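Subject: A structure for you to look at

Hi there,

Here is the structure I promised to pass on. Have a look at it first, and then read on for what turned up.

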Amino acid sequence: MDELEHLRATYNDIHNIIKTSADKIAAFKPNLLVAIGGGGFFPARVLRTFLKDSSTNKNIPIQAIGLSLYEALPGTTAEQIGIEVIRTQWLGPDPGKTLLGRRVVIVDEVDDSRKTLQYALSELRKDVEKELQALPESEREANRAEFAIFVVHNKLKPKLGELPPDVPYFVGAEVGDVWLDYPWEAVDIEEHDRLAAEDKTNLIGVV
């Protein structure tokens with residue numbers, strides 16, 4: 001099997017991709033961001049800057065969930081890596097209450113197989129539905145959460161997971177089936193940025 005080409009994204013690349021995506025996401029009128037850790041943390045924080053309400057100067061709150069598909073974690077087996085989504089962190093003991101009536105954007109850095117996004121959306125919706133059942137039927141529709149998804153990069157490849165067609169899906173940039181290296185994974189950030197400049201030259205033809 002041929003090794004995938006590497007494409008390195010810099011902090012500036014990601015910041016600017018999010019900036020150009022923010023107006024589309026703002027039209028959804030989100031009032032809560034849920035970042036999928038660890039790759040969704042930095043994008044969610046940058047996105048919040050561009051979604052800030054200038055009339056009230058209020059920021060949108062960010063909640064975090066931890067999911068792992070490709071990372072080796074304590075207690076996981078080699079067979080689970082890349083196959084099973086592992087939940088490592090969630091929204092506290094009453095996640096449904098956090099989400100009731102909210103317009104939620106789930107944020108991650110990349111849509112690769114789509115399994116992580118499918119899991120996150122499905123489980124958060126279950127939390128909401130469980131909480132709605134405790135409300136009078138007349139109050140349920142008004143308190144139902146609405147969800148959207150934002151990823152910095154979407155890999156143009158066959159997906160193993162699925163997302164419902166009624167959930168808005170926002171993509172910062174489409175890329176091929178390459179190995180994406182993000183700056184928060186780099187030990188030597190200067191070398192990372194140098195190689196990122198080379199990637200742009202080799203893969204995009206931009207000097």
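Predicted model: local features only at pLDDT ≥ 70, side-chain atom pairs only at ≥ 80, totals over all residues.

Now for the protein as a whole. Of its 207 residues, 43% are buried. Among contacts with a separation of 6 or more, 71% join residues 24 or more positions apart. The accessible surface is about 11,500 Å², and carbon and sulfur atoms account for 51% of that.

Two packed helices are described by the angle between their axes and the distance between the axes. Helix α1 covers residues 11–26 and helix α2 covers residues 41–51; their axes come within 9 Å and cross at roughly 50 degrees. That angle makes α1 oblique to α2, and the crossing is right-handed.

Which residues of α1 and α2 make the contact? From α1 come Tyr11, Ile14, His15, Ile18, Lys19, Ala22, Ile25 and Ala26. From α2 come Phe42, Pro43, Val46, Leu47, Phe50 and Leu51. Sorted by class, this contact holds twelve nonpolar residues, one polar and one charged.

Enjoy exploring!

Best wishes

Technical notes. Residues numbered from 1 in each chain as written. Heavy atoms only, no water. Axes fitted to C-alpha atoms, helices over the stretch in contact; angles between N-to-C directions. Helix = DSSP H or I, 4+ residues; strand = E, 2+ residues; numbered from the N terminus. Parallel < 35°, antiparallel > 145°, perpendicular 65-115°, else oblique. Left-handed = near helix turned anticlockwise from the far one by under 90°. Contact = heavy atoms within 4.5 Å. Nonpolar A, V, L, I, M, F, W, Y, C, P; charged D, E, K, R; others polar. Buried < 20%, exposed > 50% of the residue type's maximum accessible area, 1.4 Å probe, protein only. Areas by Shrake-Rupley, 256 points an atom, 1.4 Å probe, with all protein chains shown as cover.
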